[in-house]
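Please keep the sequence and the structure in view while reading.

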Amino acid sequence: MNNTAVLLSPWPKKRSQTSEGSAKRPSPTVQACVRIFFAVAIFGYALLAGGEFRAARAQDGQPGGAGGSSEAASLVEQLGGEEFSVRERATTRLIEMGLAAKQAVEAGRTHPDREIRYRCERIFQIVGELDFQRRLTAFTSGRSDGLDLPAWRRFRERYGDDGETRSLFVEMQKAESELLQAVENGPQGVARVAETRTTQLQHLQRRAGEATSLGSVAALLFAAVGDEVNLGLQPSFALVNLCSQPSFIQGMSDPAKNKVLRKMLSQWIMQSEGAVAQQSMFLAMRHDMKEGLIPATRILRNPGEQPFVRQTALMTVAKLGDASHVDLLESALDDATRISSHRIDNVQYETQLRDVALAAVLLLKKQDPKTFGFERIQFNESNVFNYGTVGFENEDKRKLAFDKYREFKAHENDPR
């Protein structure tokens, strides 16, 4: 126990520290070390106590009572004592008391004595973390219904309650407890927390090369598909990017997690719009999710959508649709909007939106686009074909392709 206590206070209290005006703040280096010491202490305390937390017993429903409150209040005052050993014993005892001392410790976070404030802040963090870990353990083992964990009720209503679901939810809690607390509190604050978190995760990816955990991605997806939650453009793009991270891809291939993750992702895809919908449709094609047809249909019925978004919608229908979607694709056969142009072997090729639509129609009709004049078309597994390979070098060749399709359509139902 004494070893733990030493970790909690790496320097002795001086008499002058009881005076706010004469207190000397530790250097930034020392403060950083203290933060590390406290992180270690959370786990070191468990080891030193042999895994049998008296705090856990207090937190498992043992009320502090008047005596407990009185003891805690007295211990908080001892945190500012002149003798180092007194402060350490009080610190250790308050951690052992756990939630029974919460009220007194929380009040001590605003105490006039800087040492008491400092120790109460750290004790509060440790006790909160220990209680959180205790609740997660009880939840995972089935000894708790989980209703004391933020957002579990909503998560359970959407995705069910079994071993796999609980396991994923625990990963989410460990990675994004603040975000899930925001979900629990209501939709108003979710977007703000999600935006901050996506920015942090992107920064960690770029600067530190740190991979994003499945728990983080799943928690963000879960938060994003909540009622009345609007992430905004940049956080939405960031979330799509996170869904391409290795952790999420592996999770989608895991039979134990696939069901819940696919349902989360499908809800996100169905509600996405505009440029975000374009990226979401790529995800739908990658994971062969027919929910991608919902934004694709909505986009193709709106001629005002951006051409690059419409071309992705055409591709999505070609990948995930069937013959019943041909009329939807044919509605774009007159759209001569230029998508791209490029030169190959001194020949200039141009791809128009109607070229993509025709190639997509032919695929739904089980026809080989090459026999209709798409000589350069290149197929790929994820996006069906490459956009730039369905263009034509001149209008004469484009006209031949469209004429051949009209002839085919006129006779496709003729007896053979």
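## Terms and Model Confidence

Two residues are said to be in contact, or to touch, when they have heavy atoms within 4.5 Å. The structure discussed here is a predicted model. Its mean pLDDT is 83, and 83% of the residues reach 70 or more.

Two stretches fall below this level. Residues 1-12 have a pLDDT under 50, and the model gives them 39 contacts beyond four places in sequence. The pLDDT is likewise below 50 over residues 14-64, a stretch with 71 contacts in the model beyond near neighbours in sequence.

## Overall Composition

The protein contains 21 helices and 4 strands. Of its 416 residues, 46% are buried. The accessible surface amounts to about 20,900 Å², and carbon and sulfur atoms account for 49% of this area.

Contacts also link parts of the chain that are separated in sequence. When contacts between residues at least 6 apart are considered, 65% of them join residues at least 24 apart.

Helix H13 covers residues 233-242, and its buried residues are Pro 235, Ser 236, Ala 238, Leu 239, Val 240 and Leu 242. Which helices do the buried residues of H13 pack against? They pack against H11 (190-208), H12 (214-224), H14 (246-252), H15 (258-271) and H16 (274-286).

Gln 245 is located in the loop between H13 and H14. Its relative accessible area is 13%, and a residue under 20% counts as buried, so Gln 245 is buried. Leaving out residues up to four places away in sequence, Gln 245 touches Gln 205 and Thr 212.

## Two Helix Pairs

Helix H8 spans residues 152-159; its axis and that of H15 come within 11 Å and cross at roughly 95 degrees. Angles of 65 to 115 degrees count as roughly perpendicular, and therefore H8 is described as roughly perpendicular to H15. On the H8 side, the contact is made by Phe 155, Arg 158 and Tyr 159, while H15 contributes Val 260, Lys 263, Met 264 and Gln 267. Sorted by class, this contact has 4 nonpolar, 1 polar and 2 charged residues.

The next pair is H9 with H12. Helix H9 (residues 163-175) packs with H12 at an angle of about 95 degrees, and their axes are 7 Å apart. H9 and H12 are therefore roughly perpendicular to each other. From H9 the contact involves Leu 168, Glu 171, Met 172 and Ala 175, and from H12 it involves Leu 214, Gly 215, Ser 216, Ala 218, Ala 219 and Phe 222. By class, the contact of H9 with H12 has 7 nonpolar, 2 polar and 1 charged residues.

Glu 350 belongs to strand S2, which runs over residues 347-352. With a relative accessible area of 24%, Glu 350 is partly exposed. How far apart in space are Glu 350 and Phe 392, which are 42 residues apart in sequence? From C-alpha to C-alpha, Glu 350 and Phe 392 are 5.7 Å apart. Phe 392 is also one of the residues that Glu 350 touches; the others, not counting residues up to four places away in sequence, are Arg 338, Ser 340, Ser 341, Asp 355, Gly 391 and Arg 398.

Asn 346 lies in the loop between strand S1 (338-344) and S2. Its relative accessible area is 69%, and Asn 346 is exposed. Most residues other than glycine have a negative phi. Asn 346, however, has a positive phi, near 65 degrees.

## The Loop between H20 and S3

Lys 365 and Lys 366 are examined together here. Lys 365 is in the loop between helix H20 (353-364) and strand S3 (379-380), and Lys 366 is found in the loop between H20 and S3 as well. Are these residues buried or exposed? Lys 365 counts as buried at 19% relative accessibility, because the limit for a buried residue is under 20%. Lys 366, by contrast, is exposed, with a relative accessible area of 74%.

Apart from neighbours within four places in sequence, Lys 365 is in contact with Val 326, Tyr 405, Phe 408 and Glu 412. Lys 366 is not a glycine, yet its phi is positive, at about 60 degrees.

Conventions:
Residues numbered from 1 in each chain as written. Predicted model: local features only at pLDDT ≥ 70, side-chain atom pairs only at ≥ 80, totals over all residues. Heavy atoms only, no water. pLDDT = per-residue confidence, 0-100. Buried < 20%, exposed > 50% of the residue type's maximum accessible area, 1.4 Å probe, protein only. Areas by Shrake-Rupley, 256 points an atom, 1.4 Å probe, with all protein chains shown as cover. Axes fitted to C-alpha atoms, helices over the stretch in contact; angles between N-to-C directions. Parallel < 35°, antiparallel > 145°, perpendicular 65-115°, else oblique. Nonpolar A, V, L, I, M, F, W, Y, C, P; charged D, E, K, R; others polar.
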